[in-house]
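Here are my notes on the model you sent over. Have the structure open while you go through the points.

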Amino acid sequence: MSTVSEKIDAKLVKELREKSGAPMGDCLKALQESKGDMEEAFVILRKRGMASAQKKASRTTNEGAVGTYIHAGGKIGVLVEVNCESDFVARTEDFQQLLKDIAMHIAATDPRYIRPEDVTTEDLEREKDIFRAQAAQTGKPAPVIEKIVEGKMSKFYEEVCLLEQPFIKEQTVSIKDLIAQKVGKLGENITVRRFARFKVGDPTWTVAQTKVVTEAQ
């Protein structure tokens with residue numbers, strides 16, 4: 001392993017660290033596994049981050065912070081609450097940066113929900129009916145139509161659900177992936193609880209909250 005380690009350029013490790021936010025040791029191991037392939041190493045780190053996030057998903061998140069973002073000369077404003085397990089983690093630079101990134105992302109993309117599970121039954125059925133009617137015009141059999149609808153619903157979730165959206169600063173990473181990376185690095189469960197987005201002159205505004213709170217009471 002030491003021979004392989006010597007072949008990994010320190011600049012590559014630093015670059016992967018900056019790109020992924022993962023600890024230097026994890027970046028080195030990922031680069032060793034990928035034989036120096038940066039993109040493959042990034043995928044390895046993302047998979048590990050998601051696995052770590054899934055293991056911690058049931059853990060209580062009663063600490064955290066409220067972040068804000070004001071855009072376009074004060075024309076768009078966002079408030080978002082992101083939770084973690086301890087006040088110590090909430091005050092770290094990594095968590096605060098995540099808070100800012102999520103608030104900025106919401107300002108730019110205007111998601112309507114946090115997770116697919118939060119989409120209302122009314123919105124869900126309306127979209128399915130529209131997609132089903134569009135697919136029916138192709139003349140394809142019912143089972144094929146349902147497959148088409150499933151594909152369109154996946155795209156719908158990506159458009160309206162915060163966690164499914166590609167992060168505006170790194171399109172290959174979803175907000176869910178971004179959070180998972182921080183979970184892997186900080187060692188605590190992290191969740192987005194709620195947000196509100198306002199735009200000057202717009203008669204409507206977006207307020208979203210996770211539908212089901214899974215923490216133990």
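1. Strand 5 (residues 191-199) and strand 6 run antiparallel, with four bridges joining them. Keep in mind that this is a predicted model. Across the pair, R194 stands opposite Q209 in strand 6. The hairpin these two strands make has six residues between them, and G201 takes a positive phi near 85°.

2. On to the nonpolar cores. The largest has 41 residues, and L16, V80, F95, I102, I179, I190 and V192 have the most contacts inside it. Elements giving it two or more residues include helix 2 (10-20), strand 2 (76-84), helix 9 (175-186) and strand 5. Helix 6 supplies the largest share, seven residues.

3. Have a look at I179: setting aside neighbours within four places in sequence, I179 touches L98, I102, L163, I190 and V192. There's also a second, separate core of eleven residues, with L124, A135, M153 and V160 among them.

4. Now helix 8 (residues 142-160). Its 19 residues at 1.5 Å each should span 27 Å, and the end C-alpha atoms are 26 Å apart, so the two agree. Buried here are I145, V149, M153, F156 and V160. They cover an arc of only 80° around the axis, so they lie on the same side of helix 8. P143 and K147 are exposed on the other side. Helix 7 (121-136) is part of what covers the buried residues.

Conventions
Residues numbered from 1 in each chain as written. Predicted model: local features only at pLDDT ≥ 70, side-chain atom pairs only at ≥ 80, totals over all residues. Heavy atoms only, no water. Expected span 1.5 Å × (residues − 1). Buried < 20%, exposed > 50% of the residue type's maximum accessible area, 1.4 Å probe, protein only. Arc of directions from axis to C-beta. Contact = heavy atoms within 4.5 Å. Pairing = 2+ DSSP bridges. Core = buried A, V, L, I, M, F, W, Y, C linked by side-chain atoms within 4.5 Å.
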